[in-house]
Every structure is written in structure tokens, then in C-alpha cells.
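Please keep the structure in view while working through them.

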Amino acid sequence: MAVKLLVDPWLFGALLLHIVSIGFVVTSMASVYWMDGLTAHFGLWRYCYEHTTLEYQEDCYRIGEAIDVDAAHRLVQIMMVLGLLATIVVFVLVMGLIFMVVEFDNRKLFLFIVIVVTFVQGILLFTASAVFLSQTSTHGEMETAWSHYLAWASAASSFLTACVLVVHYALNRPAYEYD
């Protein structure tokens, strides 16, 4: 059985944008550079000291061991994980659209679900970044760093992916209509 492809530049553009979004989300979540200061930097999961002291002999610690983690930070962690899960789900769904694994009668609903999940993903990532930014004043002289900017970029690329999928539908509406 041959695999039938839905060849559309807008759909492939959405897939490429989404792959970039996956890279942004994974990199920002794994990095320890959400906040950076003279003596330390930290990410969502780890807190790292630039210089070891008698109290802190290692370079990096789990974030809860080094500083008091408030509910807002936990919320950001949860929302970023949910955003990553939504990112993976959207990737699988877009691949399903490209390789047309969905029956013809269900393709319009399937595309609608993909667009909604992509917007939800963007909202999760955007809200997580905004909540984290609202809490930055509690970290003294530290400044936001490149990983936090990648989280913002992942939210933007998620919204852009959803917009490209809407354009794909608008330009290919007859392919999604059935009698």
C-alpha cells in the first residue's frame, strides 16, 4: 500500500515552524539560563553557582535545594511541561495530516483539533513565560537570560504555526469539504 501525501507548502511550512518550536521548548526547558546574575544562574529545574563556597561545594543543585521555590515557579514548571506535551501532540497530528492517516470525512475535524491544540500550546507557553517574567523582581540583581527568551520564541512560533494552519485550510477548503 502506497502512502498518499498531502503536498501543500503551507502545511509543510507549519511543520517546519513546529519543528523549530519543539527545539525552542526543549532547549529552554533543559537550560539553566532563565535568570543570570554575577554569582549564580538558574533555569526551571537547576540552580547553579558561578563560584563554589563552603556552603555550596558543587556547581549546580536542584532548584528547591538552593533557593525557596514559590508556587509561581512550580506553576511555570507545570505549564512548560504541559506546553511540551502539547508540542509533541501537535507534531504527531500534523504528521498525520501530511501522511493522510485520517479518513477523508474526518479531515476537517482533525485539522480543527490540530489548530485548537496548537493555540492551547501557545497559550500555555506564553502564560508560563509571562508568569516567570512577573516573578523576576524577587531574584535581586539577576536578569532574564537567553533560555527565557527561547520560551517566548516557542510561544510565538506556536501561534504562528496555528496561523499558518488556518491559512492552509483557507487556501485548501475544497480538499476538506465532502458531500
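Q: In which helix is S129 found?
A: The model discussed here is predicted. In it, S129 lies within one of the helices of the protein chain, and that element is helix α4.

Q: Is S129 buried or exposed?
A: A residue counts as buried when its relative accessible area is under 20%. The relative accessible area of S129 is 0%. S129 is therefore buried.

Q: Which residues does S129 contact, leaving aside its neighbours within four places in sequence?
A: Contact requires heavy atoms within 4.5 Å. Once the neighbours within four places in sequence are set aside, the contacts of S129 are H148, A151 and W152.

Q: At what angle do helix α4 and helix α5 pack?
A: Two packed helices are described by the angle between their axes and the distance between the axes. Helix α4 covers residues 107–134 and helix α5 covers residues 146–171. Their axes are 8 Å apart, and the packing angle is about 160°.

Q: Are α4 and α5 roughly parallel or roughly antiparallel to each other?
A: The angle between the two helices is about 160°. Angles over 145 degrees count as roughly antiparallel. The relation of α4 to α5 is therefore roughly antiparallel.

Q: Is the crossing of α4 and α5 left-handed or right-handed?
A: The axes of these two helices lie 8 Å apart. Where α4 passes α5, the crossing is left-handed.

Q: Which residues does the disulfide join?
A: A pair of cysteine sulfur atoms within 2.5 Å counts as a disulfide. By this rule the count comes to one disulfide. Its S to S distance is 1.9 Å, and the residues joined are C48 and C60.

Q: How many residues apart are C48 and C60?
A: The disulfide joins C48 to C60. This pair links distant parts of the chain, with C48 in strand β3 (residues 46–49) and C60 in strand β4 (residues 60–62). Their separation is 12 residues.

Q: Is the link of C48 and C60 left-handed or right-handed?
A: The angle about the S-S bond is 105°. With this value, the link of C48 and C60 is right-handed.

Q: Is C60 buried or partly exposed?
A: Buried means under 20% relative accessible area, and partly exposed lies between that limit and 50%. C48 has 1% and is buried. C60 has 23% relative accessibility, so C60 counts as partly exposed.

Q: Which residues does C60 touch, not counting residues up to four places away in sequence?
A: C60 is found in strand β4. C60 and R46 are 14 residues apart in sequence, with their C-alpha atoms 6.3 Å apart in space. Not counting residues up to four places away in sequence, C60 touches R46, Y47 and C48.

Q: How far apart in space are R173 and K108, C-alpha to C-alpha?
A: R173 is found in helix α6 (residues 173–176), and R173 is partly exposed at 42% relative accessible area. In sequence, R173 and K108 are 65 residues apart. In space, the C-alpha to C-alpha distance is 8.9 Å.

Q: How many helices and strands does the protein chain have?
A: From the N terminus on, the elements run α-β-β-β-β-α-α-α-β-α-α. The totals are six helices and five strands.

Q: What percentage of the residues of the protein chain count as buried?
A: The protein chain has 179 residues. The chain exposes about 9700 Å², of which carbon and sulfur atoms supply 68%. The part of the residues that count as buried is 43%.

How values were computed:
Residues numbered from 1 in each chain as written. Predicted model: local features only at pLDDT ≥ 70, side-chain atom pairs only at ≥ 80, totals over all residues. Heavy atoms only, no water. Helix = DSSP H or I, 4+ residues; strand = E, 2+ residues; numbered from the N terminus. Buried < 20%, exposed > 50% of the residue type's maximum accessible area, 1.4 Å probe, protein only. Areas by Shrake-Rupley, 256 points an atom, 1.4 Å probe, with all protein chains shown as cover. Axes fitted to C-alpha atoms, helices over the stretch in contact; angles between N-to-C directions. Parallel < 35°, antiparallel > 145°, perpendicular 65-115°, else oblique. Left-handed = near helix turned anticlockwise from the far one by under 90°.
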